[in-house]
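Please walk me through this structure stop by stop. Tell me what to select in the viewer and what is found at each stop.

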Amino acid sequence: VTDPSDDPECIFCAIARHRTPARIIGETERTVDFLDISPLTPGHALVIPKAHTVDLLSCPEADLAAVAMAAQRLAGVMLPALGADGVNLLHSTGAAAWQTVWHFHVHVLPRYHDDGLPLPFRRVPGDPAELNRQAERLRAARGGPNRKL
Ligand code: 5GP
Ligand code: ZN
């Protein structure tokens with residue numbers, strides 16, 4: 001029987017189904033969290049839905065909610081368990097946004113006062129007219145009220 005939520009070519013599908021070794025930290029019915037193999041800081045972990053989906057936009061809402069809750073749970077243990085001083089949640093959709101693995105994942109990145117990770121950007125206040133234009137475009141595209149979960 002083939003599982004339609006399993007992409008046989010996908011490394012994270014293989015990790016989620018225990019076909020490939022990974023340092024799994026925990027699982028839920030819908031999610032797995034495991035250590036990133038190239039950690040940016042000690043304890044750097046990833047949370048994925050078990051069902052294959054490429055990115056934030058393709059992820060079904062129930063899996064997205066489950067990933068968000070698993071990320072919160074993991075973030076909550078990093079401070080006491082690792083002595084972390086903070087946590088970044090990081091996600092990339094698309095190559096332009098640095099995505100390199102095409103199975104949706106959220107990085108849960110423990111941060112330490114002395115970890116030396118540099119900010120990857122410089123903040124410059126936006127031009128007010130340009131900010132207004134972007135807000136208008138987004139409001140128009142976004143449309144009406146929020147969907148309920
Ligand atoms: P992205 O660049 O797509 O946001 O993140 C992909 C992450 O997956 C990278 O941080 C990379 O180190 C991690 N990664 C890639 N292949 C593997 C693997 O086979 N096992 C584990 N544990 N992490 C991986
Ligand atoms: Zn996959």
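**Stop 1: the whole chain**

Keep in mind that this is a predicted model. Show the chain as a cartoon. It has three helices and five strands. Trace them along the sequence, and the pattern reads α-β-β-β-α-β-β-α. Now step back to see the overall extent. The C-alpha atoms fill a box of roughly 55 × 45 × 30 Å along the principal axes. Colour by accessibility next. Of the chain's 149 residues, 30% count as buried.

**Stop 2: ligand 1**

Select ligand 1 and the residues around it. There are 16 of them, and Leu35, Asp36, Thr100, His105 and His107 come nearest. Which residues place a polar atom close to an oxygen atom of the ligand? Start with Thr100: a polar atom of its side chain is 2.7 Å from an oxygen atom of ligand 1. Move to Val101. Here a polar backbone atom is 3.0 Å from an oxygen atom of ligand 1. Then pick His107, where a polar side-chain atom lies 2.8 Å from a ligand oxygen.

**Stop 3: His107**

Stay on His107. Strand S5 holds this residue. Is His107 buried or exposed? His107 has a relative accessible area of 14%, so it is buried. The side chains of His107 and His44 make a polar contact at 2.9 Å.

**Stop 4: the aromatic pair**

Select Phe12 and Phe34 and show their rings. The structure holds one aromatic pair. The ring centres of Phe12 and Phe34 are 5.3 Å apart and the planes meet at 80°, so the pair is edge-to-face. Colour by secondary structure to see what the pair joins. Phe12 sits in helix H1 and Phe34 in strand S2, so the pair ties together parts that are 22 residues apart in sequence. Both Phe12 and Phe34 are buried.

**Stop 5: the largest pocket**

The largest pocket holds about 450 Å³ of space. It is lined by 23 residues, and those closest to its centre are Phe12, Asp36, Ile37, Ser38 and Leu46. Two elements, helix H1 (11–16) and strand S2 (31–35), each supply at least two lining residues. Which element gives the most to this lining? H1 does, with three residues. Colour the lining by residue class: 13 are nonpolar, eight polar and two charged.

Two residues from earlier stops return here.

**Stop 6**

Switch to the second largest pocket. Its volume is about 330 Å³. Select its lining, which includes Leu40, Asn88, Trp98, Arg111, Pro118 and Phe121. Strand S4 (86–90) and strand S5 (106–111) each give two or more residues to this lining. S4 has the largest share, with three residues. By class, the lining has ten nonpolar residues, one polar and one charged.

**Stop 7: two residues of that lining**

Pick Pro118, one of the lining residues. Pro118 is in the loop between S5 and helix H3 (128–142). With a relative accessible area of 64%, Pro118 is exposed. Draw a distance from Pro118 to Thr53. They are 65 residues apart in sequence, and their C-alpha atoms are 30 Å apart in space.

Now pick Trp98, also in the lining. Trp98 is in the loop between S4 and S5. Its phi is near 80°, a positive value in a residue other than glycine. Trp98 counts as exposed, at 59% relative accessibility.

**Stop 8: His18**

Finish at His18. Where does His18 lie? His18 is in the loop between H1 and strand S1 (24–27). Check its backbone: phi is positive, about 60°, although His18 is not a glycine. His18 counts as exposed, with 52% relative accessibility.

Notes. Residues are numbered from 1 along each chain as its sequence is written. Chains are lettered from A and ligands numbered from 1 in the order in which they are written. This is a predicted model: local features need pLDDT of at least 70, side-chain atom pairs count only at pLDDT 80 or more; totals for chains, interfaces and linings use all residues. Side-chain values use heavy atoms; hydrogens and water are left out. On a 1 Å grid over the protein atoms alone, a cavity is a set of points where a 1.4 Å probe fits but cannot get out, and a pocket is an open set with protein on both sides within 12 Å along at least five of seven lines; lining residues have an atom within 4 Å of a point. Grid points are joined across faces, edges and corners, and a volume is the space filled by probe spheres set on the points. Helices (H or I, at least four residues) and strands (E, at least two) are DSSP runs, numbered from the N terminus. Ala, Val, Leu, Ile, Met, Phe, Trp, Tyr, Cys and Pro count as nonpolar, Asp, Glu, Lys and Arg as charged, and the others, Gly among them, as polar. Rings of Phe, Tyr and Trp (its six-membered ring) pair if their centres lie within 6.5 Å; planes under 30 degrees apart count as stacked, over 60 as edge-to-face and the rest as tilted. Buried means under 20% relative accessible area, exposed over 50%, partly exposed in between (1.4 Å probe, protein chains only). A residue is near a molecule or strand if one of its heavy atoms lies within 4 Å of it. A polar contact is a pair of N or O atoms within 3.5 Å; within protein, one must be able to donate a hydrogen and the other to accept it, and residues adjacent in sequence count only if both atoms are side-chain atoms.
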